[in-house]
Amino acid sequence: MTGRAPQPATIEACPNGPLLVRGDVELVDADGRPIEKRRRTVALCRCGSSAIAPFCDGSHKAIGFVTPS
Amino acid sequence: MKLPAPRGPLGASLTDLLVHPPRDTDIVDDVVLTRWRDAAATADPLTDDDLQLTLWTLYALHYRGFEGVDDAWEWDPDVLRLRRVLEDAFEASLRDRVAVPAGTAAEREAVASALFAMTAPGPGPSVARYVSRSADATQAEEFLIHRSLYTLMEADPHTWAIPRLSGVPKAALVEVQADEYGGGRPERMHSALFARTMRGAGLVDEYGYYVDRLPAVTIAALNLMSLFGLHRRWRGAIAGHLAAFEMTSSLPNRLYGDGFRRLGHDEGTTDYFDEHVEADAVHEQIAGRDLAGRLAEQEPELVGDILFGAAACLYLDELVGRHLLDAWSAGTSSLRAA
């Protein structure tokens with residue numbers, strides 16, 4: 001998207017769920033290679049069970065993942 | 001799209017009206033209204049073919065209309081009066097049957113956790129598990145045909161709510177809908193991805209093509225969204241509906257994708273399902289917290305409607321699921337005869 005104003009990144013820790021990432025963030029793998037973001041807002045896995053890591057696939061609900069409060 | 005074949009007196013009476021242009025004189029008098037009320041009152045509104053198909057036809061005037069039907073019918077007072085007869089019966093039946101959890105505070109996290117609790121994955125039989133493991137090619141096609149009534153216009157009914165909202169809930173709904181509509185890329189629109197799935201399975205991807213084959217419950221599930229979306233008074237319910245819909249999507253879509261892969265379909269055909277695994281894990285958070293949760297904080301009197309919308313979504317989803325699984329376990333088709 002050209003001409004778009006920069007959008008500061010925010011990361012929202014969803015209770016018992018993923019990290020919701022908005023704004024200008026570059027995702028990279030362990031070797032520093034970019035991971036394509038296919039949508040403007042992404043959810044990153046926090047429970048460790050996602051089949052599409054680093055993105056969330058809702059598995060936290062199936063395993064009863066609870067974030068420490 | 002062509003007008004569907006009427007399934008009873010309501011549909012026949014509506015078709016008689018719609019094939020002519022609207023007139024200034026009132027056509028729908030008390031005699032007609034009474035006849036419609038009687039027909040709607042004697043039916044089980046959720047499973048009555050005539051009622052649900054006729055209501056779908058009336059709602060379709062607000063979306064894409066029909067070939068040979070004057071667009072002016074959309075806001076014609078006569079058809080709106082008839083629509084209300086059917087909506088009243090539909091609403092009364094939903095009120096009667098759909099249980100809403102009580103005691104939820106009008107706070108963002110309380111509403112979001114109530115919605116997540118209502119939609120928590122259960123161990124019972126599910127269409128997703130069946131499609132994943134057992135469905136044959138014919139049943140998989142039937143599944144797509146059922147889904148196509150909504151999915152070839154995916155997101156449209158909830159979009160009606162945007163101008164009825166403000167602030168955080170409005171921005172949240174737009175954020176979800178922008179993603180549903182492909183984020184500026186028409187080929188990534190979810191309805192377009194589903195059209196590709198239909199073509200991949202050798203089906204026709206034209207909206208409404210299969211409506212004559214669909215049973216009342218499948219049509220009712222879409223009518224529910226149009227009912228909630230088209231009425232501002234139901235803005236809480238459409239928000240709750242979207243949250244419940246998104247919250248019951250990621251995990252089942254992984255299974256649907258697995259099922260279609262098992263049946264030998266390629267990536268183009270399974271892309272719709274795979275896309276939803278990732279997208280709806282995002283959408284469920286936004287819809288639960290920033291749409292439904294924040295709306296409850298803005299308008300605390302809507303908490304009951306938000307949860308009602310979610311519960312009604314789940315109730316009809318369950319009816320559709322049971323219809324499919326009952327037909328398939330009996331070795332019969334879940335579709336009406338061609």
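1. A residue is called buried if 20 or more other C-beta atoms lie within 10 Å of its own, exposed if 12 or fewer do, and partly exposed in between, with C-beta atoms placed from the backbone. With 19 C-beta neighbours inside 10 Å, Ala155(B) therefore counts as partly exposed. Ala155(B) has a positive phi of about 85 degrees although it is not a glycine, and lies in the loop between helix H7 (137-151) and helix H8 (156-159) of chain B. Helices (H or I, at least four residues) and strands (E, at least two) are DSSP runs, numbered from the N terminus.

2. This is a predicted model, in which local features need pLDDT of at least 70 and side-chain atom pairs count only at pLDDT 80 or more, while totals for chains, interfaces and linings use all residues. Residues are numbered from 1 along each chain as its sequence is written, and chains are lettered from A and ligands numbered from 1 in the order in which they are written.

3. Asn16(A) sits in the loop between S1 and S2 of chain A and is partly exposed, because 16 other C-beta atoms lie within 10 Å. In the loop between S3 and H1 of chain A lies Pro54(A); the peptide bond from Ala53(A) to Pro54(A) is cis, with omega near 10 degrees. Most residues other than glycine have a negative phi, and most peptide bonds are trans.

4. In chain A, three strands form an open antiparallel sheet in the order S1-S2-S3. Strand S1 (10-13) and strand S3 (42-44) of chain A are the edge strands, each pairing on one side only. The twist averages 25 degrees from one strand to the next. Pairing requires at least two DSSP bridges between two strands; strand S2 (residues 19-22) of chain A and S3(A) have three. Val42(A) in S3(A) is the bridge partner of Val21(A).

5. Counting residues as in contact if their C-beta atoms, placed from the backbone, lie within 7 Å, 19 residues of chain A contact 15 residues of chain B. On the chain A side, S3 and helix H1 (59-63) are the elements that give two or more residues.

6. Helix H11 (residues 216-230) of chain B has 15 residues, which at 1.5 Å a residue should span 21 Å; its end C-alpha atoms are 20 Å apart, in agreement. The expected span is 1.5 Å times one less than the number of residues. Of the 15 residues of H11(B), 14 are buried.

Key
Axes fitted to C-alpha atoms, helices over the stretch in contact; angles between N-to-C directions. Contact = placed C-beta atoms within 7 Å.
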